[in-house]
Amino acid sequence: MMDNQYFVGWGTLALINAALAQGKIWTGLNWFLLSLVLAPLATLILLFVENRD
C-alpha cells in the first residue's frame with residue numbers, strides 16, 4: 001500500500017512542476033518528463049529560475 005502512495009505523490013509533483021513550467025513559458029512536457037526522474041530537484045530549479053520572456 002505504501003508503494004502506491006509514493007508513486008502517486010511523485011506523479012503529482014511531476015504534474016505540478018509541468019504547470020509551474022508552463023506558467024514561466026517553458027515547455028511543460030519536457031519538465032514533466034524531467035520531473036519523473038528528478039521531481040524534488042526540478043521543483044527547486046523551477047522555483048528559482050527567472051521567467052522566460
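Student: What should I know before I start?

Tutor: The model is predicted: local features need pLDDT of at least 70, side-chain atom pairs count only at pLDDT 80 or more, and totals for chains, interfaces and linings use all residues. Residues are numbered from 1 along each chain as its sequence is written, and side-chain values use heavy atoms, with hydrogens and water left out.

Student: How many helices and strands does the protein have?

Tutor: Helices (H or I, at least four residues) and strands (E, at least two) are DSSP runs, numbered from the N terminus. Here there are two helices and zero strands. Helix α2 covers residues 28-48 and includes I45. F32 also lies in helix α2.

Student: Which residues does F32 touch?

Tutor: Contact means heavy atoms within 4.5 Å. Leaving out residues up to four places away in sequence, F32 touches A14, L15 and A18.

Student: What share of the residues is buried?

Tutor: Buried means under 20% relative accessible area, exposed over 50%, partly exposed in between (1.4 Å probe, protein chains only). Of the 53 residues in the protein, 23% are buried. F32 has a relative accessible area of 23%, so F32 is partly exposed. I45, at 39%, is partly exposed.

Student: What does the C-alpha trace span?

Tutor: Along its principal axes, the C-alpha trace spans about 45 × 15 × 15 Å.
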